[in-house]
Amino acid sequence: MLYLDNSATTQPYPDVISTFTKVTEVYFANPSSIHKLGSEAESLLNQSRKQVAHLLGVQEQEVIFTSGGTEGNNLAIKGAALANKQKGRHIITSVVEHPSVLESFKQLEQVHGFDVTYLPVDENGIVSIERMKKEIRDDTTLVSIMHVNNEVGTIQPVTLIGQIIKQYPNALFHVDNVQGITKVPLDLKKANIDLCTISGHKFHGLNGTGALFVRTGVDLLPLFSGGLQELQLRSGTESLAGSVAFAKALRMASERAEKQSSTMKNTYTKLKKELMNIDGVFVNTPQENSAPHIINFSVPTVKAEVLIHYLGERNIFVSTTSACSSRRKTISTTLLAMNKHQDIAKSAIRVSLSLDQNEEIINPFIKTLSKGIEKLSKLMR
C-alpha cells in the first residue's frame, strides 16, 4: 500500500494509540470531579497542556484543547469577531482559505452583518501584502490567513502580515496552521499571532483531537454554553485520553521533524520533478514558497476521480482538493483563484507526504501514474 493522502489525515503512531487506550482504561474519571480520581485526571490534563505549550513556545494558559481544525477555526473566528464587535465589524480573510474558515466568515457576514473583505491571491496562491495594507483599516477587528494552503501547499507570508496587523490595535490575527504544523516552522510570537489552530490527525495523532492557541488578553465568545471547561472557553467534559494522545503525537512528530524533514524535502523535490516530466501533467504547486509535503497537479485529459480510482485499485491513495470538499465533486476554487484554466481546476489531484516517507515511493507511484494516464487518456478520447 502506498498512502499519499497525508494532508487529509495521517496514520496514527502506534504509541499514540497505546497512550489513548491506557488513559481511557486507567484515568477514566472526570477531570472536574473533586475526588482523588478526578484530581489525578486533572493533573494529567494539565501536564498535557503544559507539554503542548512548550512545543508551541507559548504559555500553558494559552492552550485550549478542541476536537480539531474545524472547531478551532470556528471558535477563533466567530468567538473573536463577536466578542469584539463593539470595536468594529470589519474582518478580513483570503479567497483560498479552508471551508471551515470561509463558511465562518460567510455566516458572520450574512447572519451577523459583518463587513468582510476577501483578499485575492496571485498565480502562486500568495496574498498580496500591498492589497492587505490597502484593505486593513481602523475598524478591522480580525484577520484570518492560513499558513500553508491545504490544496496546493503555498506558504503565506504570515510573519510579514502579522507585522502589518500589529499596527492596528483593534485587529486580531488568526492563523489556520493545520497543514503547516511540524512541517513548516512558525514562531507564533515573532509573527504576532493572536490565535492559531492545529489538528492532531494531521501529524499522526487521532481524529477528533486538536488545540487552539489563544494569546493572553484576547477576548473570545465561547461557542458552547455550559460548565466553563477549558479555561472557560469550551464547555463540555474534556476528552482526557484525546488530549494526552494529542500532546504525545505533537511531541513525537516534532522530534521526527527535526531528524527527517530533509528526507521529506528531498523526496518532495524529486517527486515534483518527475511529475513535471510526464506528458500531459501540469504541476500547480508553486516552485517557491511551498510546503515540503503537498504537490498539486492536473491531468486535463482524464477525470480526476477516474484517475484516483485507477490508482486506488492498485493500492495507491491520493485525493482531489481538500478532503472536506472532495466528495462534492466541485471545481477547485483555489486553482481558479490562482488564475488556472477551468480544465486544470477540474482535474486537480493532490499528493501529500508524511515525514516517514522517502524516495522509495517515487518510482512505483510515477510508473503507475504514467501507465494510468496513458490508458485512461485513450479511453477518454
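Me: How many salt bridges does a search of the whole structure find?
Reply: The general idea comes before the count: side chains of opposite charge can pair when their charged atoms come close. In this predicted model, the search turns up 14 salt bridges.

Me: Let's take one of them. Which residue pairs with Glu62?
Reply: Lys189 does, with the closest N and O atoms 3.3 Å apart.

Me: Is Glu62 buried or exposed?
Reply: Glu62 is buried, because its relative accessible area is 1% and the cut-off for buried is under 20%.

Me: What about Glu135 and Arg131: how are they placed in helix 5?
Reply: They are four residues apart in that helix, so about one helical turn separates them. Their side chains meet in a salt bridge at 3.0 Å, N to O.

Me: And where does Asp356 lie, relative to its partner Arg256?
Reply: Asp356 is in the loop between strand 12 and helix 12, while Arg256 belongs to helix 8, 100 residues apart. The closest N and O atoms of this salt bridge are 3.1 Å apart.

Me: Now the nonpolar side. Which residues touch the most other members of the largest nonpolar core?
Reply: Val52, Leu56, Val143, Ile145, Phe173 and Ile193 do, in a core of 55 residues. Helix 8 gives the most to this core, with ten residues.

Conventions. Residues are numbered from 1 along each chain as its sequence is written. This is a predicted model: local features need pLDDT of at least 70, side-chain atom pairs count only at pLDDT 80 or more; totals for chains, interfaces and linings use all residues. Side-chain values use heavy atoms; hydrogens and water are left out. A nonpolar core is a set of buried Ala, Val, Leu, Ile, Met, Phe, Trp, Tyr and Cys residues joined through side-chain atoms within 4.5 Å. Buried means under 20% relative accessible area, exposed over 50%, partly exposed in between (1.4 Å probe, protein chains only). Helices (H or I, at least four residues) and strands (E, at least two) are DSSP runs, numbered from the N terminus. A salt bridge is a side-chain nitrogen of Lys or Arg within 4 Å of a carboxyl oxygen of Asp or Glu.
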